Amino acid sequence: LLEDKAGKTQVDSLAIWETGLTLKEKKPEGKETEETAKKKLAKDELVEQDERLRLFLPQGAILKTELDEEHWLNYGAGESVPVMFYSSYAFLSKKPVQTAARFSDASNLRISGLLWPEARERWEKTAYTTRESYGKGQIILFAFDPFFRSYFYGTGRMFINSMLLGPGFGAQQVVEW
């Protein structure tokens with residue numbers, strides 16, 4: 001999964017501390033090396049694969065999300081909640097974005113409804129609820145309507161927490177005296 005590899009970047013310390021020296025031999029600029037050609041090909045393949053996998057979107061499936069029990073958005077919701085899901089977008093998050101709820105792994109993802117095997121791999125461990133700072137406020141993103149027909153109390157509680165607790169926990173409000 002790309003998100004698991006995101007935090008494991010390697011830093012070439014010689015390039016940083018020894019004024020331009022690197023561990024790898026530098027290639028002349030302007031010429032495409034084999035390594036960059038492979039990366040470009042891999043990126044093109046990933047884009048093609050993503051476009052193909054979007055065809056297998058969950059249509060009204062009930063999926064399992066795992067919650068960060070210490071995050072304020074999940075107060076009172078437990079360790080996992082079922083969510084109704086109908087979307088072709090799989091969201092990934094990286095720091096400084098906080099992921100409050102994440103879809104379960106592929107083997108435990110589907111609770112009910114139609115979920116193609118190809119879709120299980122695409123949506124496993126992707127973000128369902130995220131929170132990030134924006135100026136003095138914040139942005140809270142739900143991957144799908146948390147109050148859809150009021151089916152599930154867990155996602156409803158997360159939505160209520162975002163409205164009631166959000167101004168105190170996530171935003172930086174100016175208090176005028």
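Q: Where is the place of Lys125?
A: Lys125 sits in the loop between helix H4 (117-123) and E5. In these labels, helices (H or I, at least four residues) and strands (E, at least two) are DSSP runs, numbered from the N terminus. The model is predicted: local features need pLDDT of at least 70, side-chain atom pairs count only at pLDDT 80 or more, and totals for chains, interfaces and linings use all residues. Residues are numbered from 1 along each chain as its sequence is written, and side-chain values use heavy atoms, with hydrogens and water left out.

Q: What is phi of Lys125?
A: Phi of Lys125 is near 60°, a positive value in a residue other than glycine.

Q: With which residue does Lys125 form a salt bridge?
A: Side chains of opposite charge can pair when their charged atoms come close. The criterion for a salt bridge is a side-chain nitrogen of Lys or Arg within 4 Å of a carboxyl oxygen of Asp or Glu. Here the partner of Lys125 is Glu66, with 3.1 Å between the closest N and O atoms. The pair links distant parts of the chain, since Lys125 is in the loop between H4 and E5 while Glu66 is in strand E1 (residues 59-67), 59 residues apart. Glu66 is partly exposed, at a relative accessible area of 29%.

Q: How many salt bridges does the structure hold?
A: The structure holds one salt bridge.

Q: How do the elements of the protein chain run from the N terminus on, and which are they?
A: The order is α-α-α-β-β-β-β-α-β-β-α-α. The secondary structure comes to six helices and six strands.

Q: Which residues is Leu63 in contact with, leaving aside its neighbours within four places in sequence?
A: Contact means heavy atoms within 4.5 Å. With those neighbours left out, Leu63 contacts Val81, Pro82, Val83, Phe85, Phe103, Leu109, Arg110, Ile111 and Leu115. Leu63 lies in strand E1 and is buried, with a relative accessible area of 0%. Leu63 and Arg120 are 57 residues apart in sequence, and their C-alpha atoms are 9.9 Å apart.

Q: Where is the place of Thr129?
A: Thr129 belongs to strand E5 (residues 127-134). Thr129 counts as buried, because its relative accessibility is 0%. Beyond four places in sequence, its contacts include Leu73, Gln98, Ile140, Phe142 and Met158.

Q: Where is the place of Gln138?
A: Gln138 is in strand E6 (residues 137-142) and counts as partly exposed at 21% relative accessibility.

Q: Where is the place of Phe152?
A: Phe152 is in the loop between E6 and H5. Apart from neighbours within four places in sequence, Phe152 is in contact with Ile62, Pro82, Val83 and Met84.
A: The bond from Lys95 to Pro96 is cis, with omega near 15°. Pro96 is found in the loop between strand E2 (80-86) and strand E3 (98-103).

Q: Which residues make a nonpolar surface patch of about 380 Å²?
A: Patches are made of residues with over 30% relative accessible area and no salt bridge, like charges being joined within 9 Å and nonpolar side chains (Val, Leu, Ile, Met, Phe, Trp, Tyr) within 5 Å. Accessible areas come from the Shrake-Rupley method with a 1.4 Å probe, and for residues only the protein chains shown count as cover. Phe147, Ile160, Met163 and Leu164 make this nonpolar patch. Leu164 lies in helix H5 (residues 153-164) and is exposed, with a relative accessible area of 65%.

Q: Which residues form a negative surface patch?
A: Lys and Arg count as positive and Asp and Glu as negative, while His and the chain ends are not counted. The place of a charge is taken as NZ of Lys, CZ of Arg, CG of Asp or CD of Glu. The negative patch is formed by Asp44, Glu45, Glu48 and Glu51. Glu45 is in helix H3 (residues 34-53) and is partly exposed, at 47% relative accessible area.

Note on methods: Buried < 20%, exposed > 50% of the residue type's maximum accessible area, 1.4 Å probe, protein only.
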